[in-house]
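Keep the model open while you read.

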Amino acid sequence: MNPALLVGLGGVVGALARHLLGERVDARQGDTLAVNVLGSFLLGALVAAPVDAPLLQFLGTGFCGAFTTFSSFAFETVRLAETGEPGRALGNAAVNLAGALLAVGLGALLVSVV
């Protein structure tokens with residue numbers, strides 16, 4: 001299958017999953033953090049796993065790319081800073097970045113152990 005089509009199809013599924021999760025988890029409760037950590041864990045596992053290129057294009061680039069949201073993370077962080085909550089803005093940035101980095105590493109580690 002055409003790689004662009006695989007990425008596009010994965011993106012559709014990832015965007016729908018992101019939307020459905022956002023409906024279940026209030027933004028104040030960390031839906032952006034949840035999708036970024038979950039997506040990072042999946043991407044770490046996929047890259048470490050012996051998957052073929054088409055599956056990596058569908059799930060890694062397409063699904064994970066559409067499921068995770070760097071723009072929402074950046075917007076929420078700036079909004080916190082603009083509304084007079086610089087401490088929460090820094091905390092949001094730190095938790096999202098650390099959580100996503102740890103999740104990638106954990107996903108890759110778990111796949112390599114199994």
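**Notes on the model**

1. Let me start with S40. Apart from neighbours within four places in sequence, S40 is in contact (heavy atoms within 4.5 Å) with T68, A100, A103 and V104. S40 sits in helix 2, and it counts as buried because its relative accessibility is 12%; buried here means under 20% relative accessible area, exposed over 50% and partly exposed in between, with a 1.4 Å probe and protein chains only. The C-alpha atoms of S40 and A108 are 9.9 Å apart, although 68 residues separate the two along the chain.

2. A word on where this comes from. The model is predicted, so to speak of local features pLDDT has to be at least 70, side-chain atom pairs count only at pLDDT 80 or more, and totals for chains, interfaces and linings use all residues. Numbering runs from 1 along each chain as its sequence is written, and side-chain values use heavy atoms, with hydrogens and water left out.

3. Now the overall picture. The chain has five helices and zero strands, where helices (H or I, at least four residues) and strands (E, at least two) are DSSP runs numbered from the N terminus. Along its principal axes the C-alpha trace spans about 50 × 30 × 20 Å. Of the 114 residues, 29% count as buried. Among contacts with a separation of 6 or more, 70% come from residues 24 or more positions apart.

4. Helix 1 takes in residues 3-24, 22 residues in total, and its first and last C-alpha atoms are 32 Å apart, close to the expected 32 Å at 1.5 Å a residue; that expected span is 1.5 Å times one less than the number of residues. At its start, a side-chain oxygen of N2 comes to within 2.7 Å of the backbone nitrogen of A4.

5. Which residues of helix 1 are buried? They are L6, G10, G11, G14 and R18. Seen down the helix axis, the buried residues of helix 1 fall within an arc of 130 degrees (taken from the directions from the axis to the C-beta atoms), so they line one face. The cover over them includes helix 2 (31-48), helix 3 (53-67) and helix 4 (70-82). On the face turned away from that buried side you'll find the exposed residues L16, L20 and E23.

6. Leaving out neighbours within four places in sequence, T69 is in contact with R18, T32, V35 and N36. The side chains of T69 and S72 are joined by a polar contact of 2.9 Å (a pair of N or O atoms within 3.5 Å; within protein, one must be able to donate a hydrogen and the other to accept it, and residues adjacent in sequence count only if both atoms are side-chain atoms).

7. Helix 5 covers residues 86-113, and its 28 residues reach 40 Å from first C-alpha to last, close to the 40 Å expected at 1.5 Å a residue. Its buried residues are A89, N92, A93, N96, G99, A100, A103 and G107, and they pack against helix 2 and helix 4.

8. Last, the lining of the second largest pocket. Helix 5 gives the largest share of it, five residues.
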